[in-house]
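Good morning, colleagues. Please look at the structure on the screen while I describe its packing and its charged pairs.

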Amino acid sequence: SFDQYRGTIKLSFYDASGSSNDRIWVINTLPLEQYIWGMGEIAGTGDANHNRTMVTAFRTYGYWKIKFSTKYAAQGFKVTSTTSSQLYYGYDWETAHPNIKTAAEDTRGKIVMYLNGSVNGIALTPYSSWSDGRTRSFEERWYSTAYPWCRSVSDPYGKHATKSTTTLENEGNHMVGLIANGSLNLATN
């Protein structure tokens, strides 16, 4: 039902090497700040500090993808609107959830940076809904040492009260980086 959009829309045919992998993509091109307004990762109903934290992580991840991601380069875009990148619901979501836009405007242009010796730059900022009481390092989850800021820490605020680690992982909780429900709990306490 999301049938309105900002920016431009184009259709792109991707001719894959195997005919079963051919795709027609609908590509929405818009400025990063307007992309944030349609962020589908939150509804904007939480505490304002939580909303600002989440949109900053979303912006940083989006900016990192724009600058460095090549995963979808052959298809002609940088991120998908699904959980394989970041949830983006567009203009209809933006108008129905105005606190997201407010949080984006409050933090306009702000991103997370990592500055430590020779490792400096935009900090890829993954986030997950829940943890099992401990976040995971980037290395532990995705086997890369290139992201030293994503360390495992104790996380009592984002721990799901009833779900097991296996259930959380099966539901897509990678538990790396910011735990959204922990952010919400900390902002409201």
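I shall begin with the nonpolar cores and then turn to the salt bridges.

This is a predicted model, in which local features need pLDDT of at least 70, side-chain atom pairs count only at pLDDT 80 or more, and totals for chains, interfaces and linings use all residues. Residues are numbered from 1 along each chain as its sequence is written, and side-chain values use heavy atoms, leaving out hydrogens and water.

The largest nonpolar core has 18 residues; such a core is a set of buried Ala, Val, Leu, Ile, Met, Phe, Trp, Tyr and Cys residues joined through side-chain atoms within 4.5 Å. Buried means under 20% relative accessible area, exposed over 50%, and partly exposed in between, with a 1.4 Å probe and protein chains only. Among the residues with the most contacts inside this core are Y35, M54 and F58. Helices α1 (32–37), α2 (48–68) and α4 (98–106) each supply at least two of its residues; helices here are DSSP runs of H or I with at least four residues, strands are runs of E with at least two, and both are numbered from the N terminus. A second, separate core of 8 residues includes Y61 and V176.

Now to the charges. There are 8 salt bridges in the structure, each a side-chain nitrogen of Lys or Arg within 4 Å of a carboxyl oxygen of Asp or Glu. In one of them, E94 pairs with R6, with the closest N and O atoms 2.7 Å apart. Because E94 lies in helix α3 (residues 90–96) and R6 in the segment before β1 (8–14), the pair ties together parts 88 residues apart in sequence. Is E94 buried or exposed? E94 is buried, at 6% relative accessible area, whereas R6 is partly exposed, at 21%.
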